[in-house]
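Here is a colleague's note on the structure, written as numbered points for a reader who is new to this kind of description. Please keep the sequence and the 3D view open while reading.

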Amino acid sequence: MFRLIKIESSKLFYKLKSWLGPMLIMILVLTAFPLSIDISQFDLEKFYFSIIVVSLLMTSFLATEGMFEEDYEDGSLEQEYLVEKDFYKVVLSKIFVYVCFIGVPIAFIGAIFSFANGVAIGNFINVFISLSLSNLLLFNLFAFGNALSINKGAMLGILTTLPLALPVIILLGTAIRSIQYGNSFLEIISLMIGMGFLISAIMPLIISTTLKTHID
Amino acid sequence: MKLISAQNISYRINEKMLFHNLSLEVCSGEGLHIKGRNGSGKSTLLKILLGITSVSKGLIEYKNQDLKISYLGHKNAIKNYLTPAQNLQLFFDDLSLTNAFKWLEKLDLYQVQDELTANLSFGQQKKLALIRVLAQSSELIVLDEPFVGLDKAASELLNSFFHQKLSEGTGLILTSHIQPSVECQVIELDKTNV
Amino acid sequence: MFDIAFDNVNEIIDMNGHGIYVWSVYSIAISIIIVSFIVAKNRIKGVKRKIKIKNAPS
Amino acid sequence: MISAFIHKFSSPKSFVQITKTLYPLFIFTGLSMLIIGWTWGLLFAPPDAVQGNSYRIIFLHVPAVIFAELIYFFMALCALMHIVWRVKLAAYLIKSAAPIGAMITFIGLFSGSIWGIPTWGTWWQWDARITSTLILFIMYLGILTLHGSFSNLEKSDRLMSILVVIGVVNIPIIKKSVDWWSTLHQPASISVSGGSSIDPSMLYPLIISIIGLGFTLISLGILSSRSYILSREKNKKWVLKHV
């Protein structure tokens, strides 16, 4: 397991475009948004949250794009299969590395930008946690879409996983609203943590079955 | 000692029979050369023997479940955006890494070890990929067209590697259009197909 | 229960102004279903023809 | 044991033969019940006290939406059989049912939208049921695209089954979450259902059209699965005989 995490992290480290790209796009969207509306007219804080949800969806899709494609194309998956006899650990460590290196930084960026748009500083931790957790969920789901559509492009991935991602988006929206209005945040966050555990345990199992079918 | 044996295996793809009732076995210290024209299912057969692809019918038995197999298919499993040295660090743990670097030297790749693999020639990439098999200790070696793209020196090196491994008791399965210099039992897929 | 709910044909078509919605929905849905039946029938024919052609010489 | 039993009774050959004899019965029942149900509903049922005549779309809309979901559950059942026992027929049935499901979901969405214009004054509401039906439609499209994407058909059968099973787990989650979201988002200003206290003079034609549409869709499924099975098994001896 540790070996796999080491491999995945060093691979990701050298793929600049995979981890830097999503972060830059996150920054771009969050900067472009306030500029595109007339700030004086609207309550920026309210609108800002909806854009953060959408940009999270976008960037996490972008970040997981091609997650398994490269390993499938160059034969690394077969090699890993010979060593591990299963993909569960490979998938688990890959998602772990992606969430740590891309998901959490993106959540951090989102939380930082929320100050600039008038969210109270005391809420930083809350925003950061809910964004990170929804990134964990989204990465798991999009990894599944990616494993299904492996080298067939993004359209298939979107069609197959968008229905899965919608509940997460709704959950995140609810979490953010509860931060805004200051009620029952703990309930929602514990629901998200529970779902996070469940999905991070089950999804790699499904993904590994999918990958096995692909190399078959 | 039997390393791997296949009994009456058949494989179908999209209802098309690729091979039917094929049986083979490889003992330690033995080589097996799978021949056949393009598209006769050589690579698929290798994948079946490795347990990656499942057969439509038949049975495959290994000496034991954790038989150590090293394999190189027609996909190189090396990362283009890393240097050869970094690629080797991905495959090998610290113990066998020194051995791997020795092979890097033997195969004339030492000078390019810090260049990006994407800039290497086809033959150089193939050699780099072969190090995965060469520097690993295993009980069975499975290779898909190992001689393609190799120059004469490298082919000779590979042949002598086969000799050495076979005498050490390692099994060897390969597909190749070029005759390896080691003695092997031969399976012609075209004939079993009919 | 079995009395017709309308007085004349015009009323049936008009349905107090809602006729356009009701009838357009039904006609489009029915035509979609009919078309899919035709497509399915044609497909069977096409597949059968292909199989026949393939096996005719032997 | 179970596996042997299932394999024996799920050969594509016997499926095609049995459904071929059943087809005339199904199509006759389906079409005649649809005609009865819809004429009754369109001409004889009294107009609704609140909605007037536009409610008559219910006799198309409700059956369509019911079968949009039922077909998906049927596919999920087949997918489970395909994954657990590797029943080939199950995969064929999923593949032939998916376009029909997409079609009927589209009809359900479309009729609902049109119905919305005279009743709500808008053709779309981000209501829980509408949203989840839209997502169901996307799921059907995803399944169809997925199966069309790979050249190895057995591989795409298996991938499709995985996706269908994941999707069926997802349906209640989506329903629950969208419900939750929409009740938080906006108070339920409009309720889509006509209430459970529906008058018998409207209920009977509704039930008849539901059953009628069911049989019609089954016959359509028989036709499309027959063509698909024949094309997939075209090298088998029984297909030759059948043709």
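1. In chain B of this predicted model, five strands form an open sheet in the order β5-β6-β7-β3-β8, and their pairing is parallel. Helices (H or I, at least four residues) and strands (E, at least two) are DSSP runs that are numbered from the N terminus, and two strands pair if DSSP finds at least two bridges between them. The edges of the sheet are held by β5 (69–72) and β8 (185–188) of chain B, each with a single partner strand, so one side of each has no neighbour in the sheet. On average, and with direction ignored, neighbouring strands of this sheet are turned by 15° against each other; axes here are lines fitted to C-alpha atoms, for helices over the stretch in contact, and angles run from 0 to 180 degrees between N-to-C directions.

2. One pairing can be followed residue by residue. Strand β3 (residues 31–35) of chain B pairs with β8(B) in the parallel sense over four bridges, and B:H33 has B:V186 as its bridge partner in β8(B). Helix α4 (residues 122–134) of chain B packs on the sheet, where it touches β5 and β6 (140–144) of chain B, and its direction makes about 170° with that of β5(B).

3. A word on conventions belongs here. Residues are numbered from 1 along each chain as its sequence is written, while chains are lettered from A and ligands numbered from 1 in the order in which they are written. Because the model is predicted, local features need pLDDT of at least 70 and side-chain atom pairs count only at pLDDT 80 or more, whereas totals for chains, interfaces and linings use all residues.

4. Chain B as a whole has six helices and eight strands, and from the N terminus on its elements run β-β-β-α-β-β-α-α-α-β-α-β-β-α. The radius of gyration of chain B is 17 Å, close to the 16 Å that the globule rule gives for 194 residues, so chain B is as compact as a globular protein of that length; this radius is taken over C-alpha atoms, and the rule is 2.2 Å times the number of residues to the power 0.38. Of its 194 residues, 37% count as buried, where a residue is buried if 20 or more other C-beta atoms lie within 10 Å of its own, exposed if 12 or fewer, and partly exposed in between, with C-beta atoms placed from the backbone.

5. Most residues other than glycine have a negative phi, yet B:N21, which is not a glycine, has a positive phi of about 50°. B:N21 is placed in strand β2 (residues 16–27) of chain B and counts as exposed, with 11 C-beta neighbours inside 10 Å. Phi of B:A77 is also positive, near 60°, but B:A77 lies in the loop between β5 and α2 (84–91) of chain B and is buried, with 20 other C-beta atoms within 10 Å.

6. How many helices and strands are there in chain C? Chain C has two helices and zero strands, and its radius of gyration is 22 Å, well over the 10 Å that the globule rule gives for 58 residues, so chain C is more spread out than a compact globule. The 37 residues of helix α2 (residues 19–55) of chain C should span 54 Å at 1.5 Å a residue, and its end C-alpha atoms are 54 Å apart, which agrees; the expected span is 1.5 Å times one less than the number of residues.

7. Chain C meets chain D through 29 of its residues, which are in contact with 31 residues of chain D, contact meaning that two C-beta atoms, placed from the backbone, lie within 7 Å. The largest share of the side of chain C that touches chain D, 19 residues, comes from α2(C). Among the buried residues of α2(C) are C:Y21, C:V25 and C:V47, and the buried residues of this helix pack against α3 (58–85), α4 (88–120) and α7 (200–232) of chain D.
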